[in-house]
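Q: Please take a close look at the charged side chains of this protein. Which ones pair up, and how open is their setting?

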Amino acid sequence: LFKGDAVFLVKLKEIINDYFGFGDFVFRLPDGRELARASTLQELFEHIRTVAPESLVYHGSCNHFSNWLWLHGYKKAASRLRPIDSNDAHEIRDILIDVLQLYLVKN
């Protein structure tokens with residue numbers, strides 16, 4: 001980022017939201033294209049069931065799911081997802097559904 005840029009603060013806000021997990025969870029493909037957004041745990045759960053496999057692998061390999069959950073107060077769910085170490089989209093989807101489904105039932 002260039003500090004003298006007229007839209008510096010807008011870009012900085014986008015980076016903080018995207019990189020650190022604040023705001024909506026944005027499902028993206030590895031090339032950055034946005035597929036869907038989730039602002040609640042229920043919305044995240046619903047999108048996980050249908051989002052493209054490439055997006056699941058991308059976010060799973062970067063710990064985006066656990067980071068977002070942790071920052072939004074779902075620490076138990078986040079800690080259960082942190083050790084995901086798979087490049088298999090079906091396995092990642094199954095793990096996410098199992099963890100989030102249990103968490104949604106409890107809360």
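A: Start with K11. K11 is partly exposed, because its relative accessibility is 34% and that class lies between under 20% for buried and over 50% for exposed. This is a predicted model, so every value here is computed from predicted atoms.

K11 has a partner. Its salt bridge goes to D5, with 2.8 Å between the closest N and O atoms. D5 has a relative accessibility of 26%, so D5 also counts as partly exposed. In this pair, then, K11 is partly exposed and D5 is partly exposed.

How many salt bridges does the structure hold? The count is four, and the K11 to D5 contact is one of them.

Next, take R33 and D31. Their side chains form a salt bridge, at 2.8 Å from N to O. The setting here is open. R33 has a relative accessible area of 51%, so R33 is exposed. D31 reaches 52%, so D31 is exposed too. The cut-off matters for this pair, because exposed means over 50%.

Now move on to R37. R37 bridges to E34, and the closest N and O atoms lie 2.9 Å apart. R37 is partly exposed, because its relative accessible area is 41%. E34 is partly exposed as well, at 40%. This contact is part of a network: D24, E34 and R37 are joined by salt bridges that share partners.

D88, E91, D94 and D98 form a patch of negative charge on the surface. Take D98 as the example. D98 sits in helix α6, which spans residues 89-106. Its relative accessible area is 48%, so D98 is partly exposed.

For contrast, look at a helix with a buried side. Helix α2 covers residues 41-50, and L41, L44, F45 and I48 are buried there. These four lie on the same side of α2, because they cover an arc of only 100 degrees around the axis. The other side of α2 holds R49 and T50, which are exposed.

In short, K11 pairs with D5, R33 with D31, and R37 with E34. The acidic patch of D88, E91, D94 and D98 lies on the surface.

Note on methods. Residues are numbered from 1 along each chain as its sequence is written. This is a predicted model: local features need pLDDT of at least 70, side-chain atom pairs count only at pLDDT 80 or more; totals for chains, interfaces and linings use all residues. Side-chain values use heavy atoms; hydrogens and water are left out. Patches are made of residues with over 30% relative accessible area and no salt bridge: like charges are joined within 9 Å, nonpolar side chains (Val, Leu, Ile, Met, Phe, Trp, Tyr) within 5 Å. Accessible areas come from the Shrake-Rupley method with a 1.4 Å probe; for residues, only the protein chains shown count as cover. Lys and Arg count as positive and Asp and Glu as negative; His and the chain ends are not counted. The place of a charge is taken as NZ of Lys, CZ of Arg, CG of Asp or CD of Glu. Helices (H or I, at least four residues) and strands (E, at least two) are DSSP runs, numbered from the N terminus. Buried means under 20% relative accessible area, exposed over 50%, partly exposed in between (1.4 Å probe, protein chains only). The arc is that of the directions from the helix axis to the C-beta atoms.
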